Number of protein chains: 2
Amino acid sequence: MINRYFVTGLFMVLLTGVSHGALAGKPKPAAMADIIAATTAEDWRALDPENTLYMELAGGRVIIELALKYAPNHVANVKALAREHYWDGLAIIRSQDNYVVQWADPDAEKPEQKRKLKNAKATLPAEFDRAFDPKLAFTRLTDGDVYASEVGFSDGFPVARDKRAGKTWLVHCYGAVGAGRDAAIDSGGGTELYAVTGHSPRQLDRNVTLLGRVVQGMELLSSLPRGAAALGFYEKAEQRVPLKSVHLASEVPVGERTSLEILRTDTKTFLRLIEARRNRPEDWFHYQAGHIELCNVPIPVRRTRN
Amino acid sequence: MINRYFVTGLFMVLLTGVSHGALAGKPKPAAMADIIAATTAEDWRALDPENTLYMELAGGRVIIELALKYAPNHVANVKALAREHYWDGLAIIRSQDNYVVQWADPDAEKPEQKRKLKNAKATLPAEFDRAFDPKLAFTRLTDGDVYASEVGFSDGFPVARDKRAGKTWLVHCYGAVGAGRDAAIDSGGGTELYAVTGHSPRQLDRNVTLLGRVVQGMELLSSLPRGAAALGFYEKAEQRVPLKSVHLASEVPVGERTSLEILRTDTKTFLRLIEARRNRPEDWFHYQAGHIELCNVPIPVRRTRN
């Protein structure tokens with residue numbers, strides 16, 4: 001009676017030798033599990049340690065891939081912040097239900113007490129979108145979108161673009177990481193970061209600089225207690241969630257790294273995966289949706305060592 | 001520097017006398033807070049205690065409005081289950097990141113130990129959708145949808161409809177509550193219920209019977225630790241989250257009820273609210289999306305007493 005068939009957007013695909021194969025009789029379209037099982041090494045790409053952040057919490061490691069091509073200045077600043085250990089000992093200060101968690105210096109508004117910057121910048125011009133460039137990878141999702149004229153995937157990131165306006169941008173799907181800002185559009189820079197923990201808040205697209213995506217450990221952020229103050233800020237200092245450290249993977253000893261690979265989004269395999277999620281072949285599904293929305297397409301991740 | 005302008009899909013609107021008013025100079029379109037502040041009693045409707053479930057957890061009360069018009073048989077069965085205290089002492093057995101929590105009898109598969117039913121039924125024919133009826137309330141959202149030809153709101157529930165097929169159905173937005181089932185479409189009935197805690201899994205629409213929506217206490221469900229077993233099931237009995245009780249509001253003494261009102265979705269006020277979320281007039285917003293997706297439209301709730 002317990003529903004074991006309630007299959008989901010598989011987030012972390014562990015390596016497995018199990019091949020599902022076709023049942024006897026009429027061949028069925030491949031399900032995502034079959035597609036993953038049939039992948040070859042060429043279907044995957046390793047995370048680049050130079051563009052990967054490890055955020056260490058008491059509960060474990062959150063891993064963020066940085067989107068160098070979409071927010072180059074913010075990514076460079078976030079890397080500078082990580083190198084000077086800006087966030088170590090700071091905290092998650094906000095958890096708002098169906099929205100975001102946010103980490104920052106709790107004393108950022110106190111000139112005397114706030115964490116000092118070394119080489120990193122306090123603020124940067126916004127990178128809400130960037131110029132469209134045909135050389136940017138783009139696997140178009142043909143299912144349409146409520147917010148943008150075109151959506152798809154670029155090097156593992158959900159993106160949108162508007163050819164007429166000549167712009168492309170990262171999209172606020174679950175797990176998207178961005179730079180919090182004040183009312184002025186150039187008031188962010190990466191010292192305060194947030195991650196989306198609820199239904200995709202697409203109204204934020206092109207209103208905040210997105211700079212990456214959580215690829216492992218989302219459950220450590222999404223299951224945090226919600227803050228009781230306005231906008232989900234924690235009311236008391238002791239409710240905040242300490243950041244043990246936020247470092248670049250490249251600065252962590254090789255033996256302590258988490259070796260992850262992301263399914264490439266520029267392959268026929270990925271197109272087949274999209275189709276397997278658009279029309280679900282698993283027995284449990286009675287009705288085939290025929291469409292899939294951008295943020296419902298899973299981008300599988302697997303661990304290769306450790 | 002801390003982003004206090006990062007305004008959200010307001011979920012619980014507490015009564016407040018604060019009027020925001022227009023700033024001097026050019027009048028601005030009303031923001032949601034202004035619209036809520038200007039509502040009159042006619043804009044709200046009280047929850048019907050006969051169609052409201054209180055799920056009592058150690059952390060507090062989760063309140064679910066039942067969708068009588070969309071799943072009449074399941075709602076009747078859920079009410080029968082609540083009246084015979086079927087869930088009292090059972091547990092949340094599953095919490096899967098970016099997907100659902102599910103509560104049920106952990107011993108449901110053990111014939112000797114499972115909780116016995118009295119008047120309620122173990123299974124029911126599916127109510128994945130229902131016949132279109134022009135008498136059903138429907139406030140159409142004109143922004144389009146990836147999954148359905150028409151979407152909108154019916155008595156406070158996000159719904160979709162297909163006039164050509166003559167069908168209408170409840171939609172899996174954040175907080176939607178449905179009846180878990182096994183592979184057979186008539187294997188559900190309400191003894192196992194789930195609530196959506198992540199990005200709207202619209203692929204489930206018309207594949208499971210939805211029967212209600214959480215209107216208060218979502219954060220008590222969404223912040224639960226994720227289960228480490230497949231599909232987010234808790235691995236150990238002691239990880240499960242006990243249900244103190246699940247009762248109809250009408251069976252709870254009046255003094256112990258939570259008096260909630262929901263903003264009516266068949267009013268000009270609600271249309272104005274949609275517009276205020278489609279194009280955000282708050283100063284923080286630099287870019288106006290011009291569109292809004294069904295599950296991003298907030299359905300405000302307020303407490304009137306207690």
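User: How many salt bridges are counted between chain A and chain B?

Analyst: The count between chain A and chain B is zero salt bridges. Keep in mind that this is a predicted model.

User: Which parts of chain A touch chain B, then?

Analyst: Strand S4 (91–95), strand S5 (100–104) and helix H3 (218–222) of chain A each supply at least two residues of that side. The largest share, three residues, comes from H3(A). By kind, the residues on the side of chain A that touches chain B divide into 32 nonpolar, 19 polar and 17 charged.

User: How do I read the size of an interface?

Analyst: It is often given as the accessible area lost when the parts come together. Here, chain A and chain B bury about 6,200 Å² between them. Of that area, 57% is on carbon and sulfur atoms. In residues, 68 of chain A are in contact with 67 of chain B.

User: Let's move to a strand. How do side chains sit in a regular strand?

Analyst: They alternate between the two faces of the sheet. Take strand S8 (residues 150–154) of chain A. On one side are A:Glu150, A:Gly152 and A:Ser154, and on the other are A:Val151 and A:Phe153.

User: Are the faces of S8(A) covered or open?

Analyst: Both faces are covered, and the residues named on each side are all buried. Buried means under 20% relative accessible area. Because five of the five residues of S8(A) are buried, the strand is largely enclosed by the rest of the structure.

User: Which strands pair with S8(A)?

Analyst: Strand S7 (residues 139–141) of chain A is joined to S8(A) by three bridges, and the two run antiparallel. One partner pair there is A:Leu141 with A:Val151. Strand S9 (residues 157–162) of chain A also pairs with S8(A) in the antiparallel sense, over five bridges. In S9(A), A:Arg161 is the bridge partner of A:Glu150.

User: What is found in the hairpin of S8(A) and S9(A)?

Analyst: Two residues lie between the strands. A:Asp155 takes a positive phi near 50° in this hairpin.

User: Which elements does helix H4 (residues 268–278) of chain A pack against?

Analyst: Start with its buried residues: A:Thr269, A:Phe270, A:Leu273, A:Ile274, A:Ala276, A:Arg277 and A:Arg278. The buried residues of H4(A) pack against helix H1 (32–37), S7, S8 and strand S16 (260–263) of chain A. So the enclosed strand S8(A), with five of its five residues buried, is among the partners of H4(A).

User: Now one residue. Is A:Glu65 buried or exposed?

Analyst: A:Glu65 lies in strand S3 (residues 60–66) of chain A. Its relative accessible area is 7%, so A:Glu65 is buried. Its contacts beyond four places in sequence include A:Leu47, A:Phe157, A:Leu211 and A:Ile262. A:Arg45 is another residue that A:Glu65 touches. The side chains of A:Glu65 and A:Arg45 are joined by a polar contact of 2.9 Å.

User: How far apart are A:Glu65 and A:Asp48 in sequence and in space?

Analyst: They are 17 residues apart in sequence and 8.3 Å apart in space, C-alpha to C-alpha.

User: Can we end in chain B? Where is B:Glu282 found?

Analyst: B:Glu282 is in the loop between helix H4 (268–278) and strand S17 (301–303) of chain B. Its relative accessible area is 16%, so B:Glu282 is buried. A polar contact of 3.0 Å joins its side chain to that of B:Arg280.

Conventions. Residues are numbered from 1 along each chain as its sequence is written. Chains are lettered from A and ligands numbered from 1 in the order in which they are written. This is a predicted model: local features need pLDDT of at least 70, side-chain atom pairs count only at pLDDT 80 or more; totals for chains, interfaces and linings use all residues. Side-chain values use heavy atoms; hydrogens and water are left out. Helices (H or I, at least four residues) and strands (E, at least two) are DSSP runs, numbered from the N terminus. Buried means under 20% relative accessible area, exposed over 50%, partly exposed in between (1.4 Å probe, protein chains only). A polar contact is a pair of N or O atoms within 3.5 Å; within protein, one must be able to donate a hydrogen and the other to accept it, and residues adjacent in sequence count only if both atoms are side-chain atoms. Two strands pair if DSSP finds at least two bridges between them. Contact means heavy atoms within 4.5 Å. Buried area is the accessible area (1.4 Å probe) that two parts lose on being put together, summed over both. A salt bridge is a side-chain nitrogen of Lys or Arg within 4 Å of a carboxyl oxygen of Asp or Glu. Ala, Val, Leu, Ile, Met, Phe, Trp, Tyr, Cys and Pro count as nonpolar, Asp, Glu, Lys and Arg as charged, and the others, Gly among them, as polar.
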